[in-house]
Amino acid sequence: HLVNQAGLKLRRFTIRAPKPTGACILLHGYGQSAHFEFLCADQPGGPHSTWNDSILAHLVAAGISVYAIDLQGHGESEGARGLRGFFEKFDDLAGDALLLHEEVQRETGGGLPIFWLGTSMGGAVAARAAQMRPRCMSGLVMIAPMISLEKVAEKSVFGPIRNRHLKPVAGFLSWLLPALPLIKKSDSVLAQQLDDEFRADVTNYTGSVRVRVAYHFDLACREFLRKGGPQALERIECPALLALHANADTMTEPHGSISLFERASCDRKTLVLISGPDGEPGLCRTSVDGVVSDGLSTGGGRSTRRSGKAAMALSELQGLNMWHSITTEPGCEKVSIAVAAWVAEEAGRAATRP
């Protein structure tokens, strides 16, 4: 366990690669536990308990030790006010993740590059941590990150009343009824068995989003997208960024990943939008030292072999017809392979830097 500044015990997990070349901290999405987010189901509708083909397995096989945490109010961790699916401030989550980063630094002796991987809410937590402590991480992997929530704003709360109609009074409701489960989430539109798997796992929070949590989610996203603000996307700083998003996502906006790619202050950036057979066309884009190009670079010099493997794996994500939970949906093994190849490539690049 990790004990945070509020005295909450947070469950953490460690799987060390035999001869690690890097470390990766994994942050799950809202309502989910780390094991649900990063392990696979043994069969459709079954529990998330399978190591094979999980993103954890592929990272470890690539020589990357993995460290995960159940964020406060999630999984096996304690929550503020003793509640599930609740926190007082969004920055509390980023602060907890930075505590884990410090522990990983101590445990690895400071000799390994440390990457962060965040899915959905976990992506927003990683983004905020990168603002709070610029360039503390060697790279960011953002999987369907929570940067924009416009589609969720259109979900019905009751009859014609939608989530967006509550925005004008969100601050007041957060003060008056902070723990009230009120804001509706989106269900899977492509892999409905995921909803059954999610609800069957007792470590998941399956209720509606609590009022204070929803208020801080909206506030965080508005601050990310605000131009020139203290929490604007330009203030996300790290050497390398990989953003993956499905065009069919109705939980978090693909537009958020596009904005992240365009605005984050990273030396090397890669954006992949996963297309579906009937959806919008996919997109692959890279940026190196501010020079943007379509497609995935195969690199050069000593990193050609690593870059070629990562680029090839990322290019194979097109046409998978995925939704939001792309670490656990059908086709997730290809996402895991691509992510592991990219992290291993960046870890190798970090090892060659003076």
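## The sheet

In which sense do strand 3 and strand 7 pair, and over how many bridges? In this predicted model, the two run antiparallel, with 4 bridges between strand 3 and strand 7 (residues 64-69). Within that pairing, I15 has V66 of strand 7 as its bridge partner.

Zoom out and you get an open sheet of 9 strands with mixed pairing, in the order 3-7-4-8-9-14-15-16-17. Strand 3 (12-15) and strand 17 (291-294) sit at the edges; each has a single partner strand, so one side of each has no neighbour in the sheet. On average, neighbouring strands are turned by 15° against each other, direction ignored.

## Helices on the sheet

Two helices that pack on this sheet are worth a look. Helix 4 (residues 121-132) touches strand 4 (22-27), strand 8 (114-119), strand 9 (139-143) and strand 14 (237-246). The direction of helix 4 makes about 140° with that of strand 8.

Helix 8 (residues 254-263) packs on the sheet too, touching strand 9, strand 14, strand 15 (265-274), strand 16 (283-288) and strand 17. Here the angle is about 155°, taken between the directions of helix 8 and strand 15.

## Nonpolar cores

The largest nonpolar core counts 55 residues, and the ones with the most contacts inside it are L27, F90, W116, V125, L140 and F217. Take W116: beyond its neighbours within four places in sequence, its contacts include C24, I25, L27, A97, L98, H101, A126, M137 and L140.

There's also a second, separate core of 39 residues; among its members are I64, I143, L242 and V272.

## Rings and a charge

Which residues do ring pairs link into a cluster? They are Y30, F87, F90, Y205 and F217. The structure as a whole holds 7 aromatic pairs. In one of them, the rings of Y30 and Y205 have centres 6.0 Å apart and planes at 75°, so the pair is edge-to-face. Y30 lies in the loop between strand 4 and helix 1 (34-38), and Y205 in the loop between helix 6 (193-200) and strand 13 (209-210), so the pair ties together parts 175 residues apart in sequence. Both Y30 and Y205 are buried.

F87 and F90 also make an edge-to-face pair, because their planes stand at 65°, with the ring centres 6.2 Å apart. F87 is buried at 0% relative accessible area, and F90 counts as buried at 4% relative accessibility.

Away from ring pairs, there's a charge to note: the charged end of K269 sits over the ring of F261, 5.6 Å from its centre.

How values were computed
Residues numbered from 1 in each chain as written. Predicted model: local features only at pLDDT ≥ 70, side-chain atom pairs only at ≥ 80, totals over all residues. Heavy atoms only, no water. Pairing = 2+ DSSP bridges. Axes fitted to C-alpha atoms, helices over the stretch in contact; angles between N-to-C directions. Contact = heavy atoms within 4.5 Å. Core = buried A, V, L, I, M, F, W, Y, C linked by side-chain atoms within 4.5 Å. Buried < 20%, exposed > 50% of the residue type's maximum accessible area, 1.4 Å probe, protein only. Phe/Tyr/Trp six-rings, centres within 6.5 Å; stacked < 30°, edge-to-face > 60°. Lys NZ or Arg CZ within 6 Å of the ring centre and 35° of its normal.
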